[in-house]
Amino acid sequence: MRLILLEDYDERTMELARPIYDRHRRVLLAAGRKIHPKYVERLKQMDIRYVFVEDAVSEGITLEELLDMPSWMDAIEVVQQSFDAVRKREQLPLRLLFKLAVKLVDEVKKRKVLAIIPATSLEVEAQPYAHAVNVALLALQLGKKLHLNDLQLRDVALGSLFHDVGKEIEGEEHHAVKGFEYLRKERELSLLCAHMAYQHHEHADGSGMPRGLKETNIHLYAQICAIANEYENLISAEFVPPHEALEIIMARSGIRYSQHIVRLFVETIPAYLPGTMVKMSDGRNAIVTKIVEHMQRPYVRYTDTREEIALADHPSLLIVGQAIL
């Protein structure tokens, strides 16, 4: 199994490996079937850009590094309920939110690797909520790397889930300001959650919004949320491969993000998701099969001989780029 852009789907060699859902969690297309060209066009109209497929080259790849689809969809549903409550000026489902935050923390703590499913694997109406869940998962991994305790991680999760809540509120102010004003009045939530919404568009060099804060004045949690937010947008909305997204993040070290945060983020997030076709430094093509310990040194399987090796055991062998079948 592997994750591909819908535009790369080949009906001759691929079939769906996971169902495609709509925003109501109804199955649009079931796993184990081909996608007819007319359905490909319909999915594009729904702004679904990524699909999971099975093909000969990805045989045996399980993508255990991803959160399971039911848990991801459950989390998205809670965020959608919460954002709906904000729009309707109703009470937040706080019990569900705190339960979700604890579950996400547990998922991250028990895993050595957790990659995200791009928000654009769902139809457009569900993407803002999937984005929020993905940002929380990414932020929690960085928080874990920073040795935050469980209570701190819970606040990071909640603040990340709500970082864009200001977009649901009417008004001309920047959504970071609207989000802050809303969240700071929620007594059950830590004020740090409000500051994450307020500061997640600030930049280390002072060029961000809405207050032009510099690195030393931006709260750590907001810095964590900011880098997770940009990475998720690059992957999901701009369709940038993970290794290129990390390169973009690294190029902004000391500008948008502190050098320390960037270094830890790169150490935490895998550059090549299992199922990615890669070009090796020996000139051969391979497919990434799994990530066990080293984020940037996964296991790969050569496409010509099907030999599988751990790059951690071959220090002179490098991935030099993405390959195309």
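**A short note on the fold**

1. Strands here are DSSP runs of E with at least two residues, helices are runs of H or I with at least four, and both are numbered from the N terminus. Residues are numbered from 1 along each chain as its sequence is written. Please keep in mind that this is a predicted model, in which local features need pLDDT of at least 70, side-chain atom pairs count only at pLDDT 80 or more, and totals for chains, interfaces and linings use all residues.

2. Strand 6 (residues 277-280) and strand 7 (residues 285-290) run antiparallel and are joined by 3 bridges; two strands pair if DSSP finds at least two bridges between them. Together they form a hairpin with 4 residues between them, and in its turn glycine 283 has a positive phi of about 90 degrees.

3. Strand 7 is also joined by 4 bridges to strand 8 (residues 299-302), again in an antiparallel arrangement. Here isoleucine 287 has arginine 301 of strand 8 as its bridge partner.

4. Stepping back, the protein chain holds 10 helices and 10 strands. Its C-alpha trace spans about 60 × 45 × 35 Å along the principal axes.

5. How much of the chain is buried? Of its 325 residues, 55% count as buried, meaning under 20% relative accessible area with a 1.4 Å probe, protein chains only.

6. Among contacts with a separation of 6 or more, 62% come from residues 24 or more positions apart; a contact means heavy atoms within 4.5 Å.

Notes. Heavy atoms only, no water. Buried < 20%, exposed > 50% of the residue type's maximum accessible area, 1.4 Å probe, protein only.
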